Amino acid sequence: MSKTNTLGKSARFFICLLFLSFFLMSCVKEEVELPNQKTLLMYLPWPEDRTLTKAFKTNLSDLEKAISRNGLKDEKVVVFMSTGSTQATMYEITCKNGICKHDTLKNYSNPSFTTAEGIASILSDMKRVAPALTYAMIIGGHGMGWLPVYPTYSTPLRAITTSVSSFKNYWEYEGAFHTRYFGGTIPEYQTDITTLADAIARTGIKMEYILFDNCYMSSIEVAYELRNVTNYLIASPTEIMAYGMPYAVVGEFLLGKTNYQAICDGFYSFYSAYEAPYGTLAVTDCSELTSTASLMQVINSRYTFDATQLDSLQRMDGYDPAIFYDMGDYVAHLCKDEQLLMRFEDQLNRTVPYKTRTDKFYTKSKGVLPIRVYSGITTSDPSDNPRVSIDKTKTGWYRATHN
């Protein structure tokens, strides 16, 4: 073999090694630049309620306690918090050596909390400053399930003016304990669930979960509306104390790999020992909602609810007439076919795989009420309350489950 040939082979070998080195270096660089595994957005729009503003600060402090204990690895926590009716800030919670601090990302003047465009803009800001493979969202404020901000009655208003005008939201009652529309106490700061779903869809994000730290949000109507923008829904089917979620206890299970059972267990351990020992929580698997709606449509096509049984249903609120009823108990009273009912109950258990409750729940209007049966999710289908009797027929859930 000639010396020239040997040198040629050596040169080719060296060049191959060089290309291989560049390739490996580029792979390492690409891996470093990958987005975080998860970004959790804590979204706290203006609640128009000093009690809740104080509770928000406690929530954030509690979440930081959980972060301090475990640190942040492949996740980021971003907070959007209103500091006034026309001011808000977005910041990132960072943690080093067990100490949390806030890095301001953006200050807002007159942000829109109640339009799809406004919320989508806030979510896009979050996505830009904290890109991730997975996103999740915590929403704080008051809640009234699926109810629209502005009632859209097709019945002439004069026919129902008396009943509707006398309607009081739960936060208007002088209850012994404070409890927590999605948003504030007046329409100017309240957001429709359909608006939220539209806003998230506009960003192209599908949340891993949405946690509603609000009253009455574990509702089949709410979950069905959000089924295409989140995998899971974590919420309470009743009023929830103003203290809200015990983030110091459950915060670690909301970060990293989400542990839904541990979230429920932590919620129960906290509220069973709380000064007001009342609490309900459930996790809905939104991928099961289409199958649930199909089965519900079959049941509705065969049976009509006997309104004389309303008082026998498990109510989950303090309104008169009730607005939110336990979903499982309602279908048990509606469906007379045992086999069909068993199919539905199995499906409902798949739809709400994690749930917890104390023996009783609290309402500001009626005080403490018992829980006889509990499926973790409510429906307003049987309600004859004038506040919802027309609007319930316009929900996506109602349209999907009635001929």
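1. Let's start with a cysteine: Cys 335 is buried, at 4% relative accessibility. Here buried means under 20% relative accessible area, exposed means over 50%, and partly exposed lies in between, using a 1.4 Å probe and protein chains only. Cys 286 is buried too, with a relative accessibility of 4%. The whole structure holds zero disulfides, a disulfide being a pair of cysteine sulfur atoms within 2.5 Å.

2. A word on the model before going on. This is a predicted model, where local features need pLDDT of at least 70 and side-chain atom pairs count only at pLDDT 80 or more, while totals for chains, interfaces and linings use all residues. Residues are numbered from 1 along each chain as its sequence is written, and side-chain values use heavy atoms, with hydrogens and water left out.

3. Helices (H or I, at least four residues) and strands (E, at least two) are DSSP runs, numbered from the N terminus.

4. Which residues of α9 are buried? They are Leu 289, Thr 292, Ala 293, Leu 295, Met 296, Ile 299 and Asn 300. Seen down the axis, these buried residues fall within an arc of 170 degrees, so they line one face of α9; the arc is taken from the directions from the helix axis to the C-beta atoms. An α-helix has 3.6 residues a turn, so residues three or four places apart point the same way. The cover over this buried set includes α6 (220–225), β8 (280–285), α10 (327–334), α11 (338–351) and α12 (396–401), where contact means heavy atoms within 4.5 Å.

5. Asn 110 lies in the loop between β4 (99–109) and α3 (116–129) and is exposed, at 55% relative accessible area. Tyr 216 sits in the loop between β6 (207–213) and α6 and is buried, at 1% relative accessibility.
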